[in-house]
Amino acid sequence: MNLSRTTATAGRVLRQLLHDPRTIALMLLVPCVMLVLLRYVFDANPATFNSIGASLLGIFPLITMFLVTSIATLRERTTGTLERLLAMPLAKGDLIGGYALAFGAVAVLQSLLATGLALWGLDLNVIGSAWLLLLVALLDALLGTALGLFVSAFAASEFQAVQFMPAVIFPQLLLCGLFTARDTMQPVLRAISDVLPMSYAVDGMNQVLRHTDLTATYVRDVLIVAGCAVLVLALGAATLRRRTA
Amino acid sequence: MMNKAAEAPGTVRAPATPAVHAAGLTVVRGPRTVLRDLDFSVPRGQITGLLGPSGCGKSTLMRSVVGTQAKVTGTLTVLDRPAGHPTLRARVGYVTQDPSVYLDLTVRQNLDYFAAVLLPGRAAADRRRADVERVLTEVDLTSHADALAGNLSGGQLSRVSLAVALLGAPELLVLDEPTVGLDPVLRRDLWDLFHSLAGHGTTLLISSHVMDEAERCHRLLLMREGRLLADDSPDALRARTGTDTVEAAFLHLVDTANATRTN
């Protein structure tokens, strides 16, 4: 791997995004609009908004980055730019690192906006530090990028790539503890939720929501989400083949 | 790659091995054997044309040379290394039939990025800038440098792709149908460029299914259904088959091959 090539790749991905202001606007504004919507859906019940809102701050970046990355890398595969890059002196890690850096930067921006709005605009009542919320959001974004990169290898078209969203994300959404506490689920589902990374992302958000200090559980959650992101990124790198049929 | 410039001009590098050498080259794609037991050489500093009808295996052969084709068996040596060797990635330029550039970037942004992949680091920024200007001039796209690639015509887009392959002045250029969809003036200009590159020592392997382009090559590889019909110069080919054009020679060879197969 080569740092200059990685940052050049990240710069290129960001430059592509800059030519597409509508996508940027959607990435940044949709989470904010959803939070506002949620706040007033639970107008009579601020406690519910509190717990769901905090969880969603961790889930939005994952979903957005998953979608954007899976489509972007699928495009690289179908337009021939991926074949060209892999025939050049670019390490697979440079490409994947470049995507992770670029979309990580967008995720930071998205999370800053969403978290700022939730905390100060919508009175989300978080006891812990906002920085800890941001850290989880950023790691979720990386996990989303990693998952998107990985599934794009199995999608032959944009249609299929978009369908991977419900297939990969929705089960995690149902089992992550957003709708009901995980330990009240049917034991088999509970066990499955234990191995899905989004459960830990949501749990991490809830730790910050309820505790003033950094808890051991939060540290565990963050490490698990980060570990999963790295693992899936490595799996994604393995799907990039210099030689194809 | 850069060591070459240090050599005194006119130095004869011994032994003068061919740029590409294949022996028993076979490629299987799914249930099909796309290339069957090919033997050929591509001499250095010359233009070798790879000609044959669509679907005869030209692209597969080129992908094998570049090292992006899977399931290649036999011997395939490129610039004295096995094809696909990591050190070859900066020494071989490759243009596929797809545009293979980012449509949502400008021409210059595309070239800047690929140049940064070939020649990374802040220290090389000036060299990269000069290289980008050079290739823009070579493919005559300086006036469109700041246009979005997605807004260009098909012919302009394929020239952007060619410009990317010219970055870093590779020793071997593998061009898959680089002149498709270009008007005659541009086609002539590009062939002039190819000849000037060859004059400076670059080896070119160019595929085409237009037989009149064959006359502009130094060497020809004629292909049909995954096999080589001929590996010769255009003149020798015409003389051997007693024909006036490469197209007629190709047809003659196909007929002969068919006749021997049925007998």
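# Exercises on a two-chain predicted model

For "transmembrane region", an unreviewed UniProt entry lists residues 24–42, 54–74, 95–119, 131–154, 161–181 and 222–240 of chain A; UniProt positions follow the numbering used here, feature names are shortened, and annotations may be inferred rather than shown by experiment. This is a predicted model, in which local features need pLDDT of at least 70 and side-chain atom pairs count only at pLDDT 80 or more, while totals for chains, interfaces and linings use all residues. Residues are numbered from 1 along each chain as its sequence is written, chains are lettered from A and ligands numbered from 1 in the order in which they are written, and side-chain values use heavy atoms, with hydrogens and water left out.

## Exercise 1

Determine the helix content and end-to-end distance of residues 24–42, 54–74 and 18–243 of chain A.

*Solution.* Helices (H or I, at least four residues) and strands (E, at least two) are DSSP runs, numbered from the N terminus.

- Step 1. Residues 24–42 of chain A are 95% helix and 0% strand, with 28 Å between the end C-alpha atoms.
- Step 2. Residues 54–74 of chain A are 100% helix and 0% strand, and their end C-alpha atoms lie 31 Å apart.
- Step 3. The unreviewed UniProt entry gives residues 18–243 of chain A as "domain: ABC transmembrane type-2". That span is 79% helix and 0% strand, and 32 Å separates its end C-alpha atoms.

## Exercise 2

Locate Met34(A) and identify the nonpolar surface patch that contains Met34(A).

*Solution.* Patches consist of residues with over 30% relative accessible area and no salt bridge, with like charges joined within 9 Å and nonpolar side chains (Val, Leu, Ile, Met, Phe, Trp, Tyr) within 5 Å. A salt bridge is a side-chain nitrogen of Lys or Arg within 4 Å of a carboxyl oxygen of Asp or Glu. Accessible areas come from the Shrake-Rupley method with a 1.4 Å probe, and for residues only the protein chains shown count as cover.

- Step 1. Met34(A) belongs to helix α2 (residues 21–41) of chain A.
- Step 2. Its relative accessibility of 35% makes Met34(A) partly exposed; buried means under 20%, exposed over 50%, and partly exposed in between.
- Step 3. Together with Leu26(A), Leu29(A), Val30(A), Val33(A), Leu37(A) and Val41(A), Met34(A) makes a nonpolar patch of about 630 Å².

## Exercise 3

- Step 1. Cys32(A) is buried at 12% relative accessibility.
- Step 2. Cys217(B) is buried, at 6%.

## Exercise 4

- Step 1. Leu103(B), in the loop between β6 (92–95) and α3 (107–118) of chain B, is partly exposed at 42%. Gly150(B) is 47 residues away along the chain, yet the two C-alpha atoms are separated by 4.2 Å.
- Step 2. Arg91(B), in the loop between β5 (81–82) and β6 of chain B, is buried at 17%.
- Step 3. Leu229(B), in strand β10 (residues 227–232) of chain B, is partly exposed at 22%.

Methods: Buried < 20%, exposed > 50% of the residue type's maximum accessible area, 1.4 Å probe, protein only.
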